[in-house]
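Here is a walk through a predicted model.

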Amino acid sequence: MKRLLILGAGTAGTMMANHLRPKLSVTDWEIVMVDQEETHYYQPGFLFLPFDIYTPEQVKKPIKSPLPRVVTLIQATIDKVVPESNEVWLQNGDHLHYDILIIATGTQIAPDEVEGMMGEGWQKDVFDFYTYEGSLALRDKLRTWNGGKLVVHISEMPIKCPVAPLEFAFLADSFFHHKGMRDHVEITFVTPLEGAFTKPKATEALNYLLEEKGVHIVGDFNIEHVDNEKRVIVDYAGKEVPYDLLVTVPPNMGSDMVERSGIGDEMNFIPTNKATLQSKVKENIFALGDATNLPASKAGSVAHFEAEILTENIMLFIEGQPLKESFDGHANCFIETGHNKALLIDFNYTQEPVEGVFPLPGVGPLSLLKESRVNHLGKMAFRWVYWHMLLKGRPIPFVSANMKEAGKILETIE
Amino acid sequence: MELVLAGNQIQLNDQGYLTDFSQWTKEVGEAIAQQEGIALTDAHWKVIHYLQDQHKQDIPLSIRKIGKSNVVSIKEFYDLFPTGPLKISSKIAGIPKPASCI
């Protein structure tokens, strides 16, 4: 009996198990998964928890519930991968042999990378919303906050769901507006990039949103430390931004087990072939989702498209065939803009987001790079789609793994 | 936009970044550095070559990643390319400006 081992039972790992189980004979292949968590979180929901749009129950299920029946889930902490002997060592002392390894250990926040971020203000006036606990703590804070300077901040790229911080700023505008206290809140968006938008088409189409929602931008800000006493964030050039409430996205790093294994880059991401999803560590090790170092967005939709392609490549690998170089970096993301509207973007490694309709050319019903209520309904419906279709590896109608150009306005910029 | 250097036309985007990395030469790097008011030393070149090497491998760059690379500390990176080190060094190295998905 051969063993396919999947590290991580989150979005990417779960999808791989659901894709591969029906394809691999149960008499020849066992699928074993390792994850230390007991809960599977619907992570896009962490954006909505702070504003009481979702309840905690709506964003979590037992980790086993979306998994196929015939897999073994080991709930344990991974010590390290030992590629030389095709083994994964667990912290409980067990050694697991594998024939094929899939690394889907994701990314996590590393607030301790920034001096003072986890200081005395942590979860008092400095919050993250990339964890369940952080998001709930922020919800409790927002319920009673009287207003002041709200700073929404990105420490460092790349981060999981790169648009989430901007969505947070837009939803905050909507939230305080409905509470009748928008006049008492100043919203500033602080980013290490040049501005909130960095791509020509998106900048042209969306810049109005910042003015409409009264979001101030501070760009080119690379945080050096948080001064908890003065309540300012300070960058390496000495620039300061004052806050009363800091909602930060700490640096994102791959799993600690990647560092212990010595198989990752400086930020613990796995060097991976961007078209085949085979790792550069060893030929029988593959990686997908947020755990890789690919120049694609760290997002569930990317993991979804990768999972379809990686499934095909794992089957080719087993048959001894050459892998297909078919992943194009496709991502498809809703962007909440507040007041029950949202945008949709669809892009890949080479094609920036543009206007158009999706998924049916000429029909939609979703519109690309343009605010609409239908897009917002799409985002709200997506939670059901996530649990019942996406994780299960069921195809989403009309949405293919590779990006489609039909339905998009793709005039060349000259 | 374009930069004309020793009779060669180098294509730049409207923010002064090379649109085709294969057009980059040491002289192009020096000309852009001069426009940015930076005199390139060995320390600058070490960073520029590191960035180009990462770019060729399609590896996304960030300040902290560079700080952990043993090529340069973040403080030194700011000293070499003041105010916006990653933006300015990328421009000189002939690689795209750091960007997000939108």
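Eight salt bridges are counted between chain A and chain B. One of them joins E194(A) to K87(B), with the closest N and O atoms 3.6 Å apart. Counting polar contacts between chain A and chain B gives 16 residue pairs, both residues being at pLDDT 80 or more. On the side of chain A that touches chain B, strands β15 (223-227) and β22 (341-347) of chain A each supply at least two residues. The residues of that side of chain A divide into 20 nonpolar, five polar and eleven charged.

Next comes the extent of this contact. Chain A contributes 36 residues and chain B contributes 22 residues. The size of an interface is often given as the accessible area lost when the parts come together. Between chain A and chain B the buried area is about 2600 Å², and carbon and sulfur atoms give 55% of it. E194(A), Y236(A) and E266(A) supply 25% of the area that chain A buries against chain B, more than any other three residues.

Now to the sheet in chain A. Five strands make up an open, parallel sheet, in the order β11-β18-β12-β13-β14 (chain A). At its edges lie β11 (126-127) and β14 (215-218) of chain A, each of which pairs on one side only. Strand β13 (residues 185-190) of chain A runs parallel to β14(A) and is joined to β14(A) by four bridges. Within this pair of strands, T188(A) stands opposite H216(A) of β14(A). Helix α3 (residues 164-178) of chain A packs on the sheet and touches β12 (148-154), β13, β14 and β18 (245-249) of chain A. The direction of helix α3 of chain A makes about 175° with that of β13(A).

Notes: Residues are numbered from 1 along each chain as its sequence is written. Chains are lettered from A and ligands numbered from 1 in the order in which they are written. This is a predicted model: local features need pLDDT of at least 70, side-chain atom pairs count only at pLDDT 80 or more; totals for chains, interfaces and linings use all residues. Side-chain values use heavy atoms; hydrogens and water are left out. Two strands pair if DSSP finds at least two bridges between them. Contact means heavy atoms within 4.5 Å. Axes are lines fitted to C-alpha atoms, for helices over the stretch in contact, and angles run from 0 to 180 degrees between N-to-C directions. Buried area is the accessible area (1.4 Å probe) that two parts lose on being put together, summed over both. A salt bridge is a side-chain nitrogen of Lys or Arg within 4 Å of a carboxyl oxygen of Asp or Glu. A polar contact is a pair of N or O atoms within 3.5 Å; within protein, one must be able to donate a hydrogen and the other to accept it, and residues adjacent in sequence count only if both atoms are side-chain atoms. Ala, Val, Leu, Ile, Met, Phe, Trp, Tyr, Cys and Pro count as nonpolar, Asp, Glu, Lys and Arg as charged, and the others, Gly among them, as polar.
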